[in-house]
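Morning, everyone. Please look at the picture first.

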Amino acid sequence: MNRRRPTLIAALTLTAAAALTLSACGSGDSSEGNDKIAGADTEGSAPAASPAASGTSEPARPTIELPADLSYTFDWPRTGDKDKDAVLADGEQSIKAVDLAIVNQDPLDKAYLYYYEGEAAAGTQEFIEAYVKENARVMGAYRFYDAVVNMRGNDEASLVYCEDQGKAYDMYLKPKKTNKTPVTKNSYVLYNTRLSMNDKGVWVVQKLLSQRGSAKCQP
């Protein structure tokens, strides 16, 4: 999850394949995110959640219960394609699972490890550890929109989407203090994820790239 807050952690070392940064609601971010987003210009609007994973039996996904001060809007309309909608549904859960790990202050939280593997899991762990080190967590409202899913065979897919972090903030836990920053162009982030279906029938994130301040995501 590309969520950089420069006031929280000035620089977060990222893995090459998973460009994860701390939640940024904007201002003063000296790094605008120059990662190339492959497939970001793909045409067609997609998305919204639907039951996940193809197959006859539904895997038992982890329960994700987040604090009342965290909310999510996924402006991802259904595509009508069961495979694409499964990618979108698991994509939503993967986003929430990372925030759950931050709330739990647990870099090895089982929920996010259910949805991330390989390089993406390693980068996500580092991202969560940065919050734990600073004794902080996320709060506020996140909006996700303009999602596009491309299927790459039966068990691989890409999911490109935008995030609006304008109403999302960091909260330090001790002493309790909310860090509210003004909305800037850097409050809008473009993501490109690569997913694969595992042997449980779950779409898991393998790679994640992000571009903060992307013109594609500006309101």
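R137 has a relative accessibility of 9%, so R137 counts as buried, because the cut-off for buried is under 20%. Keep in mind that this is a predicted model. R137 makes a salt bridge with D69, and their closest N and O atoms are 2.7 Å apart. That pair links distant parts of the chain: R137 is in strand β2, D69 is in the segment before β1, and 68 residues separate them. D69 is partly exposed, at a relative accessible area of 28%.

How many salt bridges does a search of the whole structure find? The count is four. One of them joins R61 and D90, with the closest N and O atoms 2.8 Å apart. R61 sits in the segment before β1 and D90 in helix α1, so this pair ties together parts 29 residues apart in sequence. Both R61 and D90 are buried.

Next, D75 and R143, where the closest N and O atoms are 3.1 Å apart. D75 belongs to β1 and R143 to β2, so parts 68 residues apart in sequence are tied together. D75 is partly exposed at 36%, and R143 is partly exposed at 29%. D75, R143 and D164 are linked in a network of salt bridges.

Now the strands. β3 pairs with β2 in the antiparallel sense over 13 bridges, and N150 has S158 as its bridge partner. Nine bridges join β3 to β5, also antiparallel, with E163 opposite V189. β4 pairs with β3 over four bridges, and the two form a hairpin with two residues between them.

Key: Residues are numbered from 1 along each chain as its sequence is written. This is a predicted model: local features need pLDDT of at least 70, side-chain atom pairs count only at pLDDT 80 or more; totals for chains, interfaces and linings use all residues. Side-chain values use heavy atoms; hydrogens and water are left out. Two strands pair if DSSP finds at least two bridges between them. A salt bridge is a side-chain nitrogen of Lys or Arg within 4 Å of a carboxyl oxygen of Asp or Glu. Buried means under 20% relative accessible area, exposed over 50%, partly exposed in between (1.4 Å probe, protein chains only).
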